[in-house]
Amino acid sequence: MRVLIVEDESIIALELERIVADAGYRPVGPVATVEQALAHAPRADVALVDLGLADGSSGGALARRLIDRFHMKVVFVTASPTEVGNGLAGSVAVIAKPFTDESILAGLAMAARQADPAH
């Protein structure tokens, strides 16, 4: 599974990239803006998306576009989980920062199950 990492804080992006790669998934990115995310979206199956990006609080709008345009599974990873509530239609999970490896892996596993219901 190819995982797009959309996070503007480099230390967090690198940590997400490590978790994704260590689990055997293929990281795409990390990227920090909506424009970069949309450019890389065709190469990914799932996206880990922060709400606050380098170009503002655009993660929610980006997630909507990834879900609608690319039929991508979205897992929010944010310091402001209450702003997402239970997510938005089509999103898989909302993970609060600070996160653990296990919480990220659980979100990715949920995305993988939804992408391939046979599992």
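Me: How do you know how the axes of helix 1 (residues 10-22) and helix 4 are placed?

Reply: The two axes come within 10 Å and cross at roughly 60°. Axes are lines fitted to C-alpha atoms, for helices over the stretch in contact, and angles run from 0 to 180 degrees between N-to-C directions. This is a predicted model, where local features need pLDDT of at least 70 and side-chain atom pairs count only at pLDDT 80 or more. Residues are numbered from 1 along each chain, and side-chain values use heavy atoms, without hydrogens and water.

Me: Why are helix 1 and helix 4 called oblique?

Reply: Angles under 35 degrees count as roughly parallel, over 145 as roughly antiparallel, 65 to 115 as roughly perpendicular and the rest as oblique. The crossing is at roughly 60°, and helix 1 and helix 4 are therefore oblique to each other.

Me: What makes the contact between helix 1 and helix 4?

Reply: Helix 1 gives Glu 15, Leu 16, Arg 18, Ile 19 and Val 20, and helix 4 gives Asp 101, Ile 104, Leu 105 and Leu 108. Contact means heavy atoms within 4.5 Å. These residues divide into 6 nonpolar, no polar and 3 charged.

Me: Why is Ala 109 called partly exposed?

Reply: Buried means under 20% relative accessible area, exposed over 50%, partly exposed in between (1.4 Å probe, protein chains only). Ala 109 has 25% relative accessibility, so Ala 109 counts as partly exposed. Ala 109 is found in helix 4 (residues 101-115).

How values were computed. Helix = DSSP H or I, 4+ residues; strand = E, 2+ residues; numbered from the N terminus. Nonpolar A, V, L, I, M, F, W, Y, C, P; charged D, E, K, R; others polar.
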